[in-house]
Amino acid sequence: METNINVGEPEKKLTAKDFASDVDVKWCPGCGDYSILAQVQRTSPDFGEKIENIVWVSGIGCSSRFPYYMNTYGFHTIHGRAAAIATGVKLANPKLQVWVATGDGDMLSIGGNHFIHACRKNVNLKVLMFNNRIYGLTKGQYSPTSEKGKVTKSSPYGTVDWPFNAIKLATSSGATFVARSLDRDTKHLQEMITRASKHKGLAFIEIYQNCPIFNDGAFSSLTEKETKSDNVILLEHGKPLVFGANKDKGIKLDGFNPVIIDLNDGVHSINDCFVHDEFDENPTRVFLLARFTDLPGFPAPIGVFRQYHKTTYDDDYAKQIETVKAQKGIGTYEKLMLSNNMWEVK
Amino acid sequence: MEKTVQVVEDVTVRFAGDSGDGMQLTGSQFTDTAAILGNDIGTLPDFPAEIRAPAGSLAGVSGYQLHFSSSDIQTPGDSPDVLVAMNPAALKVNLKDLKPNATVIVNTNAFDAKNLRLANYDTNPLEDGSLSAYNVISVELTKLTMTALEGIDLSIKDKDKCKNFFALGIMYWMYNRPIDITDKWLESKFKKKPEVLAANKKALQAGYNYGETTEIFTTRYDVKPAKLPAGTYRNVSGNEAAALGFITASLKSGLPLFLGSYPITPASEILQELSKYKDYGVITFQAEDEISGICSAIGAAFTGSLAITSTSGPGLSLKMEAAGLAVMTELPLVIIDVQRGGPSTGLPTKTEQADLLQAMYGRHGEAPVVILAAQSPADCFYMSVEAARIALKYMVPVILLTDGYLAFGSEPLKIPKFEELPEIDIKFRTEKEGYYPYLRDENLVRPWAVPGTPGLEHRLGGLEKKDVYGYISYEAANHEIMIKNRKQKVDNVQKLIPDLRVDGDQQGELLVLTWGSTYGATTEAINNIRKKGFKASHAHLRYLNPFPKNLGELLGSFKKILLPELNTGQLAFLVRSTFLKDVIQLNKLQGQPFKVAEIEHKIIEVLGGSNGN
């Protein structure tokens, strides 16, 4: 039976509404997830896929309710396993476009193993990780991205663990598209989602997302008008790293270390700034940029850290099957049961 | 010297040596030759969990037992008639299992001071008279092999590796088997290594000639072909048979086969076997862990594949949460569990039947699944097809239990015609009109609508769903309805499965009830006690959840029920709690299958030790 459905351009231009299911959205008022859902629905018509060929897979957590709100095929699975189930979906039918909605706890803690191996294999999945640096659905315990020392319900004296840096983890695991965006920066988020949809290979977007109930304001310095420009730096291919309200601050390299420079100090100019190259296959640049969020005083980069090409797991698998079929011919039952050690009893 | 040929009905041979001595290979070559000559066969490899324990040590002994016969047999034999022992440790470990007066062929070159010490022998058993009860044949296997291979351009180490083929040559001579089947195998195996090929062939031939010319062997034995039903046969191990069964189910259903699996002893061969069949479109996903193995399969099931995950006990435990998701989302999935000695890492290479209750009750919540069990290596083929058929027809997870004994053991499979196998008729839902994800048919089965189908976009998930409509529902009454539906759907599988058949009288004093791999030993035990004038009936369960519908009635027709199991009484527990009928247990927990004699003795004991004559 043919289960692969032909993919083609949709006949009529779809709209955001076509991608919204009729289920009431039940996140807390003010949750950053609303914005992410809206941006996904707004950009979905641009993915170039028919609705029936899109599958949203999620694990467990607030973010993982996402598939219920999309009018596509969806699978709300179990805690941490979204990447594993999505891999099965994609491998079984590579013509589907498979998206994963997940959170920092779901993907980096209980699902860490599946995440790194999906990245390693470069499975053609689009992973949106909503990072609110807290466990929301279980009501406020620290997560693997909570900053060290954070006081939460399960760390009344502050955490003693160091957090994960999701960009570094995805990059070193082999993801071929690694980006970051903000729930509140709707235009930027739309751009990142659309670009991920066009990437062939594992696309990972870390989305800083505010949890108004258990970790309110975690990213306010990156999203509030007054502080935003000093705390966020936009990564754009071929452009120097410049930030600040008046674009008067830049990042230059001192050996392997980034330093913030004042472009108005008469000493430095824009020519001293580090120039972003998204397509550099060498991951060194990504690690350099990803470190900014670990360094006090540095702005958080948003944008595409790196995008490069590597054959995908699902493609290579399908090709291997075709090659063997071409060599051996299509398998039949008679051929299957044939063996070197057969004998006849009369 | 005149050598006589004596015809015997059946022989049990055990090859034993270091795990590096190639005993599994030697045994399987003898098996193939015996099978092709038409004997019925049963085999039991027995090897340590360590890949290469220190050479010469007791822990490193690897054995392969083969039972071949001119009559219908069901087991690898209780006690060997012949032991080939490549070193003192192999002799020490295996001697206790031999029949009285058994023949022992030993490699005397390996009986040096170091090896004797490693085997904890104070004196050389070949010289101290301790083997006087056996027919010991001392052969300088190492030296003879070296001499035979003079002039071949190979290192001493490589030549030494050929001594197992010298031993095999002797055995072929002794049991009147030709060497050409193994010759052909060697030719295909070592096509690219002409020296290794020449050396092994020469060692094999030299061993055969040695039997022919020396005077230490006076008798050859012949085992005539068995009278098996007409047809084409091949030798299969349980794992191989399971893989063939799954591919057959894929061909029958027209669905692509997807296996998500993580390597684990003794189930890895299913993954390895299936990975060969790319020409059948088989996808084998070697996952990062057991959980991903089942989860990827669940993803593939959602997408419209025949989805399988293979594992053993520890892996089954890891898969249980995801199995619950498959129960909740009512997706077709086959979990094959090749049971091994537990708990924990336990005895990875040894057999046990102790996962039945895990299969039955191991998930959180009310999460019933269908449970099947294969009865012999060849039956692994049929039960794999059956597991796939039930999973697909009822949109339900099925756990298929086999075990290490079946997985590694082998026997002839009479190759069925494709048409003889049950049809697996799959219809994906494509009709938009009136579709709901949890709509149910007369068997309570929900429709299978796969991604890519226009208009049927829906969301599945682990949260409780509203009956019929499939949206999230926390309603109290709905939860109860859904639990009952899931349970009833599994119970409805009873309609699809055959009644339990009784071998012997349909009522009477004693019914021996078995499941899984105890089938073979019990069948032979029943035959034996009947020959001695005792009367007992035998019924064997291949369907454990739901049970065949006539099981309760059958149990009521016998005064006593004897239930042999390789656990502390797991089926006994289920039978007692389901039917309120007591049973007599026979349990063995040694990582080894039952011997025929053990079951035979118990039956006779239960019958009062008298045949009534």
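Predicted model: local features only at pLDDT ≥ 70, side-chain atom pairs only at ≥ 80, totals over all residues.
Turning to polar contacts, the rule finds 25 residue pairs across the interface of chain B and chain A, both residues of each pair being at pLDDT 80 or more. On the side of chain B that touches chain A, the elements giving two or more residues include the helices α1 (23–36), α9 (238–253) and α12 (313–329), as well as the strands β11 (283–286) and β16 (410–414), while α11(B) gives the most, with 9 residues. By class, the residues on that side of chain B divide into 43 nonpolar, 21 polar and 12 charged.

Now to the extent of the interface: 76 residues of chain B are in contact with 59 residues of chain A, and the two chains bury about 5500 Å² between them, 64% of it on carbon and sulfur atoms. Of the area that chain B buries against chain A, 13% is supplied by Lys278(B), Asp279(B) and Arg459(B), more than by any other three residues.

Finally, there is strand pairing between the chains, in which β12 of chain A, residues 342–345, runs antiparallel to β9(B) and is joined to that strand by 4 bridges. If you want one position to look at in the structure, take Val345(A), whose bridge partner in β9(B) is Gly231(B).

Conventions: Residues numbered from 1 in each chain as written. Chains lettered and ligands numbered in written order. Heavy atoms only, no water. Contact = heavy atoms within 4.5 Å. Buried area = accessible area lost by both parts, 1.4 Å probe. Polar contact = N/O pair within 3.5 Å; in protein donor to acceptor, adjacent residues only side chain to side chain. Nonpolar A, V, L, I, M, F, W, Y, C, P; charged D, E, K, R; others polar. Pairing = 2+ DSSP bridges.
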